[in-house]
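Subject: Structure for your review

Dear colleague,

Please find below the structure that I am handing over to you. My notes on what was found in it follow directly after.

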Amino acid sequence: MLDKLEKLGRDHGIPVDRIRTVSAINSYLSYKFMGDEELGGVYILGEVSNMYCSSARHVFFDLKDEQAKIACVIFDCPQDQQDLLQNGREILVHGRIDFYERDGKASVKPDAVYPVGEGLLWQKLRKLIAKLREEGLFRPEHKKELPRLPDTIGIVTSQGGDALRDMVTAIHGRHPTVDIYIYHAAVQGEGAVMQLIQGIQFFDEDFPVDVVLIGRGGGSLEDLMAFNDESLARAIYNAGTPIIAGIGHMEDETVAGLVADHRAITPTAAGKQAVADQGELLVQLEGLQRQLGTSHERFLRLKRQEADLERSGRLMVIYRVVLVVLIIMVLVLIA
């Protein structure tokens, strides 16, 4: 390594003692972090984002404000602290800041967590949900029924995302002959809301389909904010086509999911909701065919019984006529 550094110094006219490797720089930064008393026990105010708890109770999350964020990790996190670490919640943490040499990243190791209140995004979301609920956009009577056997399905999502693959796989796994059409729309970031709205309007007005699916995979509250937009909620509500929302994971609640005609806990579940299972339909059809066959046999049996009764009735009439004639003849002979 020293030979390489000396060669670089000669080739580029750089003093060898000024050249550092990545490992050396990260080791130096780690040393500086460890030696800084200010970073050894600091209080940090911020909003929880991207919270994840492993099976070993290790909790990973970002602490953020309007301009920046920093990663945090609490190993073997106590339950009372886990309860405070909800996405969108504002908290105050105390801990040390470490520098991880291998990845070259700083992170906070909190040893105490204090509740402060709800974060700005979470407050904004709660206000919007309350407003739309008051207007009646979530009421069950406004939800449109899904067609039992749709011929066409439109999907509005990112063309390169896993959610699209999951929805298509779920739909064709249950009903391979359904036609699926895709409208590419960004699912987060600038322009995402408008593209999602345009996708819904396209399948509702310009290229009508039987059902529309909108969705994306999981993410932080910030990642899902496009689906918490008021204008998108109203576009879903005003659409004449039934809409299924499959956004994030089971625990992710969005405004789009609340206002949609049907909400699925994942994109895969949304695909399954959109169509009936062809195998199940075939089983039901076979059952109906058996019932029809049984009913037909019962009908034929009843018709035979009816014919037998009709013949018996005719015979009874003949017997009665003969009996009357005989009686008359006997009366004539007696007279």
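A cavity, as the word is used here, is a set of grid points where a 1.4 Å probe fits but cannot get out, and its lining residues have an atom within 4 Å of such a point. Please keep in mind throughout that this is a predicted model.

Cavity and pocket

Rolling a probe the size of a water molecule over the atoms shows where empty space is left. In this structure there is 1 cavity of 30 Å³ or more. The largest cavity has a volume of about 40 Å³. Its lining consists of His142, Lys143, Lys144, Ile236, Tyr237, Val259, Ala260 and Asp261.

The largest pocket holds about 580 Å³ of space. Its lining is made up of 21 residues, and those nearest its centre are Gln86, Asn87, Gly219, Glu251 and Asp252. Strand 1 (42-53) and helix 5 are the elements that contribute two or more residues to this lining. The largest share, 4 residues, is that of strand 1.

Nonpolar cores

The largest nonpolar core comprises 38 residues, and the most contacts inside it are made by Ile214, Phe227, Leu232, Ile236 and Ile243. At least two residues each are supplied by helix 5 (120-135), helix 7 (192-206), strand 8 (211-216), helix 8 (230-238), strand 9 (243-247) and helix 9 (255-259). Helix 7 gives the largest share of this core, 6 residues.

Leaving aside residues up to four places away in sequence, Ile243 touches Ile200, Val212, Ile214, Ile236, Ala260, Asp261 and His262. Of these contacts, Ala260 also belongs to the lining of the largest cavity, as do Ile236 and Asp261.

How far apart are the end C-alpha atoms of helix 7, and does the distance agree with what its 15 residues should span, or disagree? The end C-alpha atoms are 20 Å apart, which agrees with the 21 Å that 15 residues should span at 1.5 Å a residue.

The buried residues of helix 7 are Ala192, Val193, Leu196, Ile197, Gly199, Ile200 and Phe203. Viewed down the helix axis, these residues fall within an arc of 155°, so they line one face of helix 7. The face turned away from this buried side carries Glu205 and Asp206, which are exposed. The cover over the buried residues of helix 7 includes strand 6 (152-157), strand 7 (179-184), strand 8, helix 8 and strand 9.

In helix 10 (residues 267-274), the residues Pro267, Ala270, Gly271 and Ala274 are buried. They cover an arc of only 100° around the axis, which puts them on the same side of helix 10. The elements against which they pack are strand 6, helix 6 (162-174), strand 8, strand 9 and strand 10 (262-264).

Two buried residues

Pro242 occupies the loop between helix 8 and strand 9. Buried means under 20% relative accessible area, and Pro242 therefore counts as buried at 11% relative accessibility. Pro242 and Leu146 are 96 residues apart in sequence, yet their C-alpha atoms are 6.2 Å apart in space. Not counting residues up to four places away in sequence, Pro242 touches Lys144, Glu145, Leu146, Pro147, Asp210, Val211, Val212 and Asp261.

His94 is part of strand 4 (residues 89-100). With a relative accessible area of 18%, His94 is buried as well. The residues that His94 touches, again not counting those up to four places away in sequence, are Gly41, Val42, Tyr43, Lys109, Pro110, Asp111, Ala112 and Tyr114.

Backbone points to check

Most residues other than glycine have a negative phi. Two residues with a positive phi may interest you. Arg57 is not a glycine, but has a positive phi of about 70°. Arg57 sits in the loop between strand 1 and strand 2 (59-64) and is partly exposed, with a relative accessible area of 37%. For Asp76, phi is near 50°, again a positive value in a residue other than glycine. Asp76 is placed in the loop between strand 3 (69-74) and helix 4 (79-84), and its relative accessible area of 44% makes Asp76 partly exposed.

With kind regards

Terms used
Residues are numbered from 1 along each chain as its sequence is written. This is a predicted model: local features need pLDDT of at least 70, side-chain atom pairs count only at pLDDT 80 or more; totals for chains, interfaces and linings use all residues. Side-chain values use heavy atoms; hydrogens and water are left out. A nonpolar core is a set of buried Ala, Val, Leu, Ile, Met, Phe, Trp, Tyr and Cys residues joined through side-chain atoms within 4.5 Å. Buried means under 20% relative accessible area, exposed over 50%, partly exposed in between (1.4 Å probe, protein chains only). Contact means heavy atoms within 4.5 Å. The expected span of a helix is 1.5 Å times one less than its number of residues. The arc is that of the directions from the helix axis to the C-beta atoms. On a 1 Å grid over the protein atoms alone, a cavity is a set of points where a 1.4 Å probe fits but cannot get out, and a pocket is an open set with protein on both sides within 12 Å along at least five of seven lines; lining residues have an atom within 4 Å of a point. Grid points are joined across faces, edges and corners, and a volume is the space filled by probe spheres set on the points.
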